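Here is a friendly tour of a helix crossing and some charged pairs. Have the viewer open as you read.

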Amino acid sequence: MLSTILSRLGQGCIVVFLLLALTFVLIRLMPGDPFTSDKALPPHIKEQNEKRFKLNESNLVQFTAYLKTLAQGEMGISITREQPVTKIIKSSFPASAILGIAGIIIAVCVGVPAGILSALKKNSLIDYGTMILAMLGISVPSFVLAPVLASGIAGNIPFLKVAGWGGALDWFLPALTLGLATAAYLARITRGGMLDVLNQDFIRTAKAKGVPALKIILKHALRGGIIPAIAYVGPAFAMLITGSFIVETIFQIPGMGQHFVNATKERDFFLLQGVVIVLGVLIVIGNIAADIALVAINPRLRETS
Amino acid sequence: MASKGSSLWHDAWMRLRKNSMATASLFFVLLVIASCFLIPFVGQLTAPDDPNLSETENRTLQYNDHWFKPPNYQNLENKFSAPSGSHLLGTDQVGRDLLARLLYGGQISILVGLVSTTIAGMIGITYGALSGYIGGRTDSLMMRTVDILYGLPFLVIVILISLLFSAYAKEASVFLIQDWGWDSEFVAKYANLVPLFVAIGTIGWLTMARITRAQALSIKKLEFIEAARSLGLPHRIIMLRHILPNMLGPIIVYATLTVPGFILAEATLSYLGLGVQSPNSSWGILLQEGSNYMETQPRLLIVPSVLFSLTLLALNFLGDGLRDALDPKAAKD
């Protein structure tokens, strides 16, 4: 168990490092620089600016310097915003975090029961209905779903706003938008996993023995049937985080998504690197958490690792 | 009388035909593709210009009478017009015909989906087949690399790579137009798609590699491969002639399921303003522009949304149906 976590942690470090290095190189290879604005800057000011952010050095020097800054717990200074990147991220992280957490709760609470129900009522109207809805959830992108939800729900409930952030319930619509797509994937995966288990002999034995149906489902079928869904929670988490960038743009939420999009457009090297590191770390944590949960729930994995 | 043997493909086709959802989806997808590519082609204007009139007058005259409006033809006096005989789906914020833009946008979106899937498929199949066929330490190293790449956020890398390549695409298109004399309209239409193909294709091959590798691993243990090897066939022939054809089922299934994902990726990028650039239209651009006028002109958002979602839905259903048909073991019911 410990060795699994350690190896996953090592792999996670490689992922974050690779992501950072890729971002670092790609953003510097792009044409344009952070100081390009409407009016052309005089060359000496540009030079001064570049010196200030050490952009006149070679990429390797810059990269090692950046790693040193990271080691000190800093992320450099945003070039366009003239603020420490850590400060920008700290102020925008809560909105993204609330959105992500609410999104994953909605996804699990909608997707898993729907999948279980669908598997239990296999080939019935409920099953077909749920699976068509799930397919719809996968096919309809968030930027189509968002306006539908906004006009369908926010129009009818006075507490909900179509866009913005700050009110008590403002997280609800964005989180719903974010969660429903993941819920659709989860429903399909849960259904598949449950069907696999429900067809097995031990379920038939339990039925023949006269174990109550509810107990069969909760105690025997669910433990095995839920495993594919839990294995998917890691990737789902990654999907939610990057998906939240788009949902944040749609609902105008002051989260990390706007910084990612703007920093890329404005070539704000340090801000982009900071956002990408946070993103990478979150994804790695999500994957490791899913792995631990898998081992915890599936005794067969415990013996081999 | 000897009974006619039925091949894997024939069986699969029969199974697919039984699945009404998948068959309907197949027809819908074919219909969308056909209308996106054929209607604009048939409706292209070929009428000669009247030399006595100015260019603008000429165009106005031609376009107003023609049943199919060119997608980039603006008419500011006729913006936000409701659906009518001359504009079947009405016009947008600068008076462009929505139907024409929808069909042209469809061309771009479908093209992005198909070409990126082809690129991703070729990389993924080659990588996965090699990894599975070679096996051993090379295999585990190659797959560990895939595991690590898998951890990268798809959208982030796609955005960065496509932005990087779009700079070169611009330079290349200038070169093509000026030095090679290519048609500037043609180049402008397709040049800014290349970065998307490259970006989505180079990042999207990972799952295909995993699937192909698993297939290659299991097939290479079968007796006919052993026979081929004992006959002294070179590895290249064994891979191409004996292993690859036997992997086609899962590959086709996964490729079909990849296309809607990539179309969605393109739409997302265009929606964020990082993909296809105006005045080109793609479904993502139409959705983005439509959402700006959501309150006042919901038609501009609803029409593209419905077509876009239905197409993706049909592609997903088709992929599922193909999986059930080609790979009955993997089917979950």
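Is Arg204(A) buried or exposed? Arg204(A) is exposed, with a relative accessible area of 55%; here buried means under 20% relative accessible area, exposed over 50%, and partly exposed in between (1.4 Å probe, protein chains only).

A word on conventions: this is a predicted model, in which local features need pLDDT of at least 70 and side-chain atom pairs count only at pLDDT 80 or more, while totals for chains, interfaces and linings use all residues. Residues are numbered from 1 along each chain as its sequence is written, chains are lettered from A and ligands numbered from 1 in the order in which they are written, and side-chain values use heavy atoms, with hydrogens and water left out.

**Salt bridges**

Side chains of opposite charge can pair when their charged atoms come close. Over all chains, the whole structure holds nine salt bridges, each defined as a side-chain nitrogen of Lys or Arg within 4 Å of a carboxyl oxygen of Asp or Glu.

| Pair | N to O distance |
|---|---|
| Arg191(A) and Asp127(A) | 2.9 Å |
| Arg204(A) and Asp201(A) | 3.4 Å |
| Arg210(B) and Asp147(B) | 2.7 Å |

Arg210(B) belongs to helix 9 of chain B and Asp147(B) to helix 5 (residues 136-150) of chain B, 63 residues apart, so to speak a link between distant parts of the chain. Helices are DSSP runs (H or I, at least four residues), numbered from the N terminus. Arg210(B) is partly exposed at 32% relative accessible area, and Asp147(B) is partly exposed at 27%.In chain A, Arg204(A) and Asp201(A) both sit in helix 8 (residues 201-209), three residues apart, about one turn of the helix. Asp201(A) is exposed too, at 52% relative accessibility.

Arg191(A), in helix 7 (residues 172-198) of chain A, and Asp127(A), in helix 5 (residues 125-139) of chain A, are 64 residues apart in sequence, so their pairing ties those parts together. Arg191(A) is buried at 9% relative accessible area, and Asp127(A) is buried at 1%.

A network of salt bridges also links Arg188(A), Asp320(B), Arg323(B) and Asp324(B).

**A helix crossing in chain B**

The axes of helix 4 (residues 98-134) and helix 9 (residues 206-219) of chain B come within 7 Å and cross at roughly 35°. Axes are lines fitted to C-alpha atoms, for helices over the stretch in contact, with angles from 0 to 180 degrees between N-to-C directions. The crossing is right-handed, meaning that the near helix is turned clockwise from the far one by less than a right angle.

Contact (heavy atoms within 4.5 Å) involves residues of helix 4 of chain B including Gly121(B), Gly124(B) and Gly128(B), and residues of helix 9 of chain B, among them Met208(B), Ala209(B) and Leu217(B). The contact residues divide into eight nonpolar, six polar and one charged.

Methods:
Helices (H or I, at least four residues) and strands (E, at least two) are DSSP runs, numbered from the N terminus. Ala, Val, Leu, Ile, Met, Phe, Trp, Tyr, Cys and Pro count as nonpolar, Asp, Glu, Lys and Arg as charged, and the others, Gly among them, as polar.
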